[in-house]
Amino acid sequence: MGSGPVPQRVEALLRPAPVRPRARGAQAAAVGLATAVAVSAVLALGMAYGLHEYVEFTARALLSG
């Protein structure tokens, strides 16, 4: 590649840094955790809405009867 020690050093500086496998695992874990939190939040909102509808229905049934 290079013809001497200086071009080899420049080539080493220009080469992209190697990615450690541990960093990829941590990134995958972070994405998985964020996905789990988002899904849990959506499901919790859905269940809260369902509970609210049930309470409203029960209140109407009790007050009209």
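Does Gly65 count as buried or exposed, and at what relative accessibility?

1. Basis of the note. This is a predicted model, in which local features need pLDDT of at least 70 and side-chain atom pairs count only at pLDDT 80 or more, while totals for chains, interfaces and linings use all residues. Residues are numbered from 1 along each chain as its sequence is written, and side-chain values use heavy atoms, with hydrogens and water left out.

2. Gly65 counts as exposed because its relative accessibility is 93%, where exposed means over 50% relative accessible area, buried under 20% and partly exposed in between (1.4 Å probe, protein chains only). Gly65 sits in the segment after H2.

3. Secondary structure. Two helices and zero strands are assigned to the chain; helices (H or I, at least four residues) and strands (E, at least two) are DSSP runs, numbered from the N terminus. Helix H1 covers residues 5-14, and helix H2 covers residues 21-64.

4. Overall dimensions. The radius of gyration of the chain is 29 Å, whereas a compact globule of 65 residues would have one near 11 Å. This radius is taken over C-alpha atoms, and the globule rule is 2.2 Å times the number of residues to the power 0.38. The C-alpha trace spans about 95 × 15 × 10 Å along its principal axes.

5. Burial and surface. Of the 65 residues in the chain, 2% are buried. The chain exposes about 6,000 Å², and carbon and sulfur atoms supply 71% of that area. Accessible areas come from the Shrake-Rupley method with a 1.4 Å probe; for residues, only the protein chains shown count as cover.

6. Helix H2. Val42 lies in this helix and is exposed because its relative accessible area is 59%. Val42 and Ala61 are 19 residues apart along the chain, and their C-alpha atoms are separated by 29 Å.

7. Nonpolar patch. Val6, Val10 and Leu14 make a nonpolar surface patch of about 300 Å². Patches are made of residues with over 30% relative accessible area and no salt bridge, with like charges joined within 9 Å and nonpolar side chains (Val, Leu, Ile, Met, Phe, Trp, Tyr) within 5 Å. Val6, in helix H1, counts as exposed at 53% relative accessibility.

8. Salt bridge. The count is one salt bridge, defined as a side-chain nitrogen of Lys or Arg within 4 Å of a carboxyl oxygen of Asp or Glu. Arg15 pairs in this way with Glu11, the closest N and O atoms being 3.9 Å apart. Glu11 is partly exposed, at 27% relative accessible area.
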